[in-house]
Amino acid sequence: MTFHIQHTTRYTGSEAVSVGHNEAWLTPRATGLQRLLSHSLTIIPQPSVVSTRTDAFGNTVTQFSFNQGYDALTVTAVSDIELDRPAERPASDSLAWDAVAEALQRHESAAELEACEFLFDSPRCRTHGDFAAYAAPSFAPGRPIVEALLELVERFHGDFQFDPEATTVTTPVEHVFRDRRGVCQDFAHLLISIIRSQGLAARYISGYLRTLPPPGKPRLVGADASHAWASVYCGPLGWVDVDPVLGTLVIEDHVTVAWGRDYGDVAPLKGVYIGGGSHQLQVSVDVEETAPAGE
Amino acid sequence: MSTAEKIGPPLRFDWSVPTGVYNEALDPSGTPRDGWREFLDALRHAPPEELARRATQAEEQLRENGVTFNVFHEGSQLQRPWRLDLLPFILSAAEWRKVEKGLNQRARLLRWIVQDCYGSRQLIYDGSLPPEVLFANPGFIRAFCGLHAGPGPSIATYAAELARGPDGQWCVMADRAAAPAGMAFALENRIITSRTIPPALHHQPVLRLAPFFLQLQNTLTELGARHSPNPRIVLLSSGASHPYYFEDVYLARYLGYTLVESGDLAVREDRVYLKTLAGLAPVDVIMARGPERAIDPLELGGNSPYGVPGVLHAMRRGNVTISNRPGSGLMETPVFMAFLPELCRRCLDEELLMPSIPTWWCGDDAQRAYVLDQFEGLVIKPAFERSGGRETIVSRVSAAERGALRERILARPYAFVAQELIERSAVPVFSQGAVRPGHAAVRVFMVAEGGEFSLMPGGLVRVAPNTAPMELSISAGVGSKDLWVLADGPVRPVTLLSSENEPVKLQRTSAIFPSRVADDLFWVGQSLDRADFLSRLLRAVVERLTTDAPLDAAELPSLVRILADQGQIEPGFAIEILAGPMPAFGEELPRMVSDASESRGLAAAVRELERLASLERLWISPDAWRKIHETAATFHASVSSGWTGPYDVLDAVNQVILDLAAVSGLIQDGMIRGPAWRLLDIGRRVERTRNVAGLLRSLMSDGEPIERPVLKALLEVMDCRMTYRARYLDNIQQNAVLDLCITDETCPRSIASQLAALADHVDLLPQDAASPLRSEEKRVIMGALHAVRMLPPDQLARPQTADLRDIMIDVDLALRALTDTLSRKYLLHSGQPRQITIEPDVVATT
């Protein structure tokens, strides 16, 4: 199926910003299942300089800066994506999780070496004995990895409550684990930390979630959101995405923009500015399906 | 050792080197080693008193040069002097060449590894390095990937921390590849040692250090050559609060680079610029001296004051070179030491010549087993933090702590390394009148020269009184030493001054004047004049308080009110004094004057003068800086001796007045009439005008004519008594006194002479040539000058009229407006950078 996505970030300050430098991770990358059909990034006002580069994880970064002051900054990413549905196979049809962990220890293939990059602590995802203990009931020795993950993420979904008021962008995973509340970013960080505590490799995915209106109601434009979830290295299967907010494996409602070890590697928009006073941020995302599935 | 008995007086050799420790000076038979014979012979005949006297001289020179740690650190009372032992550490040329060969290979190897780690990562893919070394290593920073591919050396300067073990073999205790500290200290030690060591000890030809710094200049210039044929190089410092700030100042001055802090640099259109008094000047090479992981707050986050937002991308785009390249610090994490012998074969196809201290990485099963088996004899360090931070000498901790450490290692084995302990070699130290053994840590420095590295023929030696493990920091040990490398041929004289014997193009200005420096110097000027004015005012008060009958001094209430108006004393005193509790005031005054937390007080002005002058002493004449430092030291010593009454205050302010007059003289005589002097002088004159205007407003505030005793006191504060007497004898008249204070442009303290000078200064600041009209600052200052010049003579006789008071108020307002305009236009170009962060959130869940 194909999606048309519009992601607008509007930044307004109480005073003019005099100088600003920014980096944006807003260009969806190609994956095994996802192709970028078209993409544009519109920045208003016109920056003094814009360039793109590829970061250490293979994501596209747009770097732009302003010499002239501005009152408001609007960054709009418009992308058309073609997404394949992953091949359906029973969760039991996967390598045992402990065999995957051992293979990562031996890291004999290039794929395993690359996965090792997502095996260790990163600034926002830290392994912990308590996290390993939380995962343990789902990770019996020899259990197929996808089956274990599916049970883990379902359990996680039941134990943790989505609560935008509970956390901020800097809340540590240990607090999220203790309070059992947070938003998608917190849940992704915590799930990644739990999975890494098992000796497995997990990365952070920044992207979009298509949401469907309640039956009989029209689709609300702009009601979607930027989203985040986790992806786990599963041996020969490659990387399998799991969404702790939904408590499921990722099938066809998720559009990947970028991945890294955690949010800090792929924040949609980073910036350093001078001036601006107190500021306000508005983000709107619209994910529209442009062709029905199966065509 | 039996040498002590063989040598008689004069100098005592208390020289017993513990068994098993390598003796740098003597071989096991007691015969001097290569290079030491001549020195030891001379030393044996050196009178101990002369050595002691010269050692004191050296310490004095060090203190004077301000080579002390934390000397610039605000609020830090404890200053740790850089102790220097006059006896050098001597090495023969042959041995030095061996060290250079080994370290050249090592530096090339580290460069190879860092380029690979931040590039194609072959070493990971072919199994030469386990993935943990990068992926579990917080020192591996993704934003630096790709930065090491460009032309030119990625590591331009490298330092190795060396120790010599009992077998006589040098080994590397730590690698420093990001921004190695210590080379300026080595240079400073060399200069002072050469000046103060007894000439009899200094007969041998010693290799000079200057060629090393010359090479450093060449290497950095080559790095900049791809950006500009005449590259501009700046030295980026962490600033005055950093403990090694001295070194940044010293290096910048020695190498001739502009010393900058992050606020001085701006990135525009992916180019780096230096903010100067005359606008933005492009920068080609940044010699980065701060922590690499703070170099760019945009890409690396954090709120360190060191970094420059956007600088990494400017480097990626090929518009600037940061040296050493960000990422080089990865090589400082000791985990690499465990792999160097294999990596040397793999990368260079050579055997490693200069070994590291034996190092085991606990992430490897066999190595971990060895470490846990030999636990008590080892030192355990975090594998991914640069050496010199946290470490545990296992034999020194309790059994419980050992157990806990084992647990931590087993939980995260890859995060630890273990190293052997070393007994450092012994070298002669002159201490307490005798020659004794000291155990040496040696830091040596390399600079890239094409594809190779050359070694500074010298270094920074620190000595400890025993063989216990020493910290790796350059401030470790109880003292430092110069390192002499003896030449085996004639020594070529080299200096960093013009190497060719031909005339240069004459210039009248130095190329670059950063806005921050301009700002600081402006405030140096202000503090200087504020301290002077307050001292004179206080002297006038205190002199009257210390007479037999202070209450008879009719002018005292007026003077006390001025003090109150100037924020020097509680306003209550100005009222109370009319009722007569003079003793209380006399007792309170010392406290109020000495209170440095009172921001408008004399103590604060003196402290601020010293702080700002120390920051910008590159721009002030060395003598003026020394005198400022001495003035502040004298004043603070006087304060801390405990003042008990007005007499103490009187002595102190008299001294400050004389000292500041010397400072003024040195500034006027010693500073080139360039922008530095100009900004300083603008600051002084702005302050002086406002002080005089404020003083006159206080005196005129009651609308009464100013009484004669007050006019006399005013002449004292204005330092015009002699002039007045010469003109008018003892006939004190208000109009004549006010003429001297306000309108007489020949009087160096009058308001009119300050305004006229300010008008001239403003003309000579860099201007926007496109505008045909007068600049805002020029209009402001001309307006004030005009008002003063146009004062009708009879107004001076009648200050009780509101007009003169209003003019004083207008002058004050005009100078405030001038300060604001100058600040906006020339001094501060920017505010504090801030981060934006955006949290993703989902609006609804299914």
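## Chain A as a globule

Chain A has a radius of gyration of 20 Å, which agrees with the value near 19 Å that a compact globule of 295 residues would have. Keep in mind that this is a predicted model. The C-alpha trace of chain A spans about 60 × 45 × 40 Å along its principal axes.

As for what chain A is built from, count seven helices and 14 strands. Buried residues make up 47% of its 295 residues. If you look at contacts in chain A with a separation of 6 or more, 75% of them join residues 24 or more positions apart.

## The cores

The largest nonpolar core has 328 residues, and A:Leu191 and A:Ala230 have the most contacts inside it. Helix α15 of chain B (residues 515-545) gives this core its largest share, 16 residues.

Zoom in on A:Ala230: leaving out residues up to four places away in sequence, it touches A:Leu191 itself, and its other partners include A:Ala188, A:Ile192, A:Tyr204, A:Val242 and A:Pro244. There's also a second, separate core of 10 residues, with A:Ile5, A:Leu83, A:Tyr208 and A:Ala225 among them.

## Where A meets B

The contact draws 50 residues from chain A and 36 residues from chain B. On the chain A side, strand β13 (residues 269-275) brings the largest share, seven residues. Sorted by class, that side has 28 nonpolar, 16 polar and six charged residues.

## Chain B in two domains

The domain assignment of chain B gives domain 1 as 102-156 + 208-420 and domain 2 as 522-671. Taken over C-alpha atoms, the centres of these two domains are 48 Å apart.

How values were computed
Residues are numbered from 1 along each chain as its sequence is written. Chains are lettered from A and ligands numbered from 1 in the order in which they are written. This is a predicted model: local features need pLDDT of at least 70, side-chain atom pairs count only at pLDDT 80 or more; totals for chains, interfaces and linings use all residues. Two residues are in contact if their C-beta atoms, placed from the backbone, lie within 7 Å. Helices (H or I, at least four residues) and strands (E, at least two) are DSSP runs, numbered from the N terminus. Ala, Val, Leu, Ile, Met, Phe, Trp, Tyr, Cys and Pro count as nonpolar, Asp, Glu, Lys and Arg as charged, and the others, Gly among them, as polar. A nonpolar core is a set of buried Ala, Val, Leu, Ile, Met, Phe, Trp, Tyr and Cys residues joined through C-beta atoms within 7 Å. A residue is buried if 20 or more other C-beta atoms lie within 10 Å of its own, exposed if 12 or fewer, and partly exposed in between; C-beta atoms are placed from the backbone. Domain bounds come from an automatic or database domain assignment. The radius of gyration is taken over C-alpha atoms; the globule rule is 2.2 Å times the number of residues to the power 0.38.
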